[in-house]
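Thanks for coming. I have one chain to go through today, so please look at the sequence and the model first.

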Amino acid sequence: MQEITTVGFVEAQLLMISDLLLSNGLNSKIFIYDNQQRFKSEKHFISQNYELIHDISNRRNFVFGLTNPTGKIKMYEDLLLTPPQFINLFHKSSIISSYSTIGVGVIIEAMSYIGPKVTVGNFVTINRNSSIGHDNKINDFSTINPGVNIAGGVTVGRGSTIGIGTTIINDVNIGNNTIIGAGSLVTHDIPDNVIAYGTPCKVIRKNA
């Protein structure tokens, strides 16, 4: 029985992710981590649709998080684990260029596309039906929500969130710890530590 530690889940998320936690019929023990270094509950899931992108033959404990950037950062800091102890989960329907570079602790969900010369940092989540074009950089702890379309030459800063259905045009830089609201059209650079949304996207307020 493999053991996988998770963070930041509620029951609905666990139901959604039940198809994500296991590869090739491998049984797994799932612990729910509450950011206070206490394990509250455990569940067991089987999945045929996701691949664990690491050699797991000699390991029994794995850690990953599908939560917001703040939760992922706190998970990493609290557990004090080095990156090789984290796993990657890629849905088998995703398309990932062999010319891209993927970090650790990365989750890429169904029907997503990662183009050539893309750098995906550590602990990044790319949700379903998202397209990450060529020559992009998605920095550590960022979350790309479902249906996002990112053109070429874009940088998404550390710990930032791109909302559902957002489009980002070529050569735009999104700052660190920034939230882009759902359905936005981003046509120019967005600074650090802000919440921005709209068509075209504009800064609304600071992200405390």
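This is a predicted model: local features need pLDDT of at least 70, side-chain atom pairs count only at pLDDT 80 or more; totals for chains, interfaces and linings use all residues.

Together S23 and S24 make a hairpin, with 4 residues between them. Two backbone details sit in that connection. Glycine 198, in the turn, has a positive phi of about 120°. Then the peptide bond from threonine 199 to proline 200 is cis, its omega near 0°. Proline 200 is in the loop between S23 and S24. For context, most peptide bonds are trans.

Now the chain as a whole. The secondary structure amounts to 2 helices and 24 strands. The protein chain has 208 residues, and 50% of them are buried. Its accessible surface is about 9500 Å², with 51% of that belonging to carbon and sulfur atoms. On contacts, take those between residues at least 6 apart in sequence: 29% of them join residues at least 24 apart.

Next, the sheet. In what order do the 6 strands of the open sheet come? The order is S7-S10-S13-S16-S19-S22, and the pairing is parallel. The edges are strand S7, residues 95-96, and strand S22, residues 185-186, each of which pairs on one side only. At the S22 end, the neighbour is strand S19, residues 167-168, and the two pair in the parallel sense over 2 bridges. As a general point, strands of a sheet pair through backbone hydrogen bonds, either parallel or antiparallel.

Serine 94 lies in the loop between strand S6, residues 89-91, and S7. Is serine 94 buried or exposed? Serine 94 is buried, because its relative accessible area is 14% and the cut-off for buried is under 20%. A polar atom of the serine 94 side chain lies 2.6 Å from the backbone oxygen of histidine 91. Leaving aside residues up to four places away in sequence, serine 94 touches Ile108, Glu109, Met111 and Ser112.

On to side-chain pairs, starting with the aromatics. The count comes to 1 aromatic pair. The two rings are those of phenylalanine 123 and phenylalanine 141, with centres 5.2 Å apart and planes at 20°. Why is the pair called stacked? The planes are at 20°, and planes under 30 degrees apart count as stacked, so the label follows. Phenylalanine 123 is in the loop between S11 and strand S12, residues 125-126, while phenylalanine 141 is in the loop between S14 and strand S15, residues 143-144. The pair therefore ties together parts that are 18 residues apart in sequence. Phenylalanine 123 is buried, at 3% relative accessibility, and phenylalanine 141 is buried too, with a relative accessible area of 3%.

Phenylalanine 123 also has something to show in its backbone. Its phi is near 60°, a positive value in a residue other than glycine. Asparagine 177 is another case: not a glycine, but with a positive phi of about 55°. Asparagine 177 sits in the loop between strand S20, residues 173-174, and strand S21, residues 179-180. With a relative accessible area of 27%, asparagine 177 is partly exposed. For comparison, most residues other than glycine have a negative phi.

Last, charges. How many salt bridges does the structure hold? The structure holds 1 salt bridge. Lysine 117 forms that salt bridge with aspartate 135, and the closest N and O atoms are 3.6 Å apart. The partners come from distant parts of the chain, 18 residues apart. Lysine 117 is in the loop between strand S10, residues 113-114, and strand S11, residues 119-120. Aspartate 135 is in the loop between strand S13, residues 131-132, and strand S14, residues 137-138. Lysine 117 is exposed, with a relative accessible area of 56%, whereas aspartate 135 is partly exposed, at 35%.

That is what I had; questions are welcome.

Terms used
Residues are numbered from 1 along each chain as its sequence is written. Side-chain values use heavy atoms; hydrogens and water are left out. A salt bridge is a side-chain nitrogen of Lys or Arg within 4 Å of a carboxyl oxygen of Asp or Glu. Buried means under 20% relative accessible area, exposed over 50%, partly exposed in between (1.4 Å probe, protein chains only). Two strands pair if DSSP finds at least two bridges between them. Contact means heavy atoms within 4.5 Å. Accessible areas come from the Shrake-Rupley method with a 1.4 Å probe; for residues, only the protein chains shown count as cover. Rings of Phe, Tyr and Trp (its six-membered ring) pair if their centres lie within 6.5 Å; planes under 30 degrees apart count as stacked, over 60 as edge-to-face and the rest as tilted. A polar contact is a pair of N or O atoms within 3.5 Å; within protein, one must be able to donate a hydrogen and the other to accept it, and residues adjacent in sequence count only if both atoms are side-chain atoms.
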